[in-house]
Amino acid sequence: MQTLLGGPLAEPAHSSAQIEVIRQTMLDRLASGGDAAFPQIKRRILLVTDLQGLWYLRSDLMGALSSLHGEFLARQSIEEITGMFEGLLPKSMFSRPRRH
């Protein structure tokens with residue numbers, strides 16, 4: 001079944017560590033003024049318990065970062081964060097090819 005969805009997912013122990021790395025990266029990007037301006041997003045990032053939850057929070061984070069720093073810098077941050085999910089989620093969740 002995993003093959004049909006785009007390959008195997010990461011090992012649970014590995015993905016737990018990656019969840020924390022991704023979470024911290026998202027919080028770091030929001031920290032430059034955004035944690036006070038967007039406390040609900042910070043709270044959601046802190047409370048989500050799985051990779052899929054963090055994956056779907058990227059759009060909320062993009063909106064907050066765009067408001068704070070402009071779309072160009074926000075998109076750079078989100079592209080970096082998106083790259084952190086590679087190999088951890090099925091390829092089918094990556095709807096568009098990433099630019100290099």
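L54 sits in helix α5. Helices here are DSSP runs of H or I with at least four residues, strands are E runs of at least two, and both are numbered from the N terminus. The model is predicted: local features need pLDDT of at least 70, side-chain atom pairs count only at pLDDT 80 or more, and totals for chains, interfaces and linings use all residues. Residues are numbered from 1 along each chain as its sequence is written, and side-chain values use heavy atoms, with hydrogens and water left out.

**L54 and its surroundings**

L54 has a relative accessible area of 0%, so it is buried. Buried means under 20% relative accessible area, exposed over 50%, and partly exposed in between, with a 1.4 Å probe and protein chains only. Which residues does L54 contact, leaving aside its neighbours within four places in sequence? They are I19, I22, R23, M26, I45, V48 and F85. Contact means heavy atoms within 4.5 Å.

**The chain as a whole**

The protein chain has six helices and zero strands. Its pattern along the sequence is α-α-α-α-α-α. The chain has 100 residues, and 37% of them are buried. Take the contacts between residues at least 6 apart in sequence: 61% of these join residues at least 24 apart.

**Helix α5**

Helix α5 covers residues 51-69. Its 19 residues should span 27 Å at 1.5 Å a residue, and its end C-alpha atoms are 25 Å apart, which agrees. The expected span is 1.5 Å times one less than the number of residues. At R58, α5 bends by about 35°. That bend is the angle between axes fitted to the seven residues ending there and the seven starting there.

After the helix comes G70, with a positive phi near 95°.

**α5 against α6**

Helix α6 holds residues 71-84. It packs on α5 at an angle of about 155°, and the two axes lie 7 Å apart. Axes are lines fitted to C-alpha atoms, for helices over the stretch in contact, and angles run from 0 to 180 degrees between N-to-C directions. The pair is therefore roughly antiparallel. Angles over 145 degrees count as such, those under 35 as roughly parallel, 65 to 115 as roughly perpendicular, and the rest as oblique.

The crossing of α5 and α6 is right-handed. A crossing is right-handed if the near helix is turned clockwise from the far one by less than a right angle, and left-handed if anticlockwise. On the α5 side, W55, R58, L61, M62, L65, S66 and H69 take part. They meet E71, L73, A74, R75, S77, I78, I81 and T82 of α6.

With 14% relative accessibility, S77 counts as buried. Beyond its neighbours within four places in sequence, S77 touches R29 and L65. I78 also belongs to α6. At 10% relative accessibility, I78 counts as buried.

**α4 against α5**

Helix α4 spans residues 39-47. Its axis and that of α5 come within 10 Å and cross at roughly 160°. These helices are therefore roughly antiparallel to each other. The crossing of α4 past α5 is left-handed. From α4, I41, R44 and I45 make the contact, and from α5 it is L54, L57, D60, L61 and A64.

V48 lies in the loop between α4 and α5. Is V48 buried or exposed? V48 is buried, at a relative accessible area of 14%. Aside from its neighbours within four places in sequence, V48 contacts R23, G53, L54 and L57.

**Pairs from separate parts of the chain**

| Residue pair | Separation along the chain | C-alpha distance |
|---|---|---|
| L54 and R23 | 31 residues | 7.2 Å |
| V48 and I19 | 29 residues | 9.4 Å |
| I78 and M26 | 52 residues | 8.7 Å |

R23 and M26 are also among the contacts of L54. R23 is a contact of V48 too.
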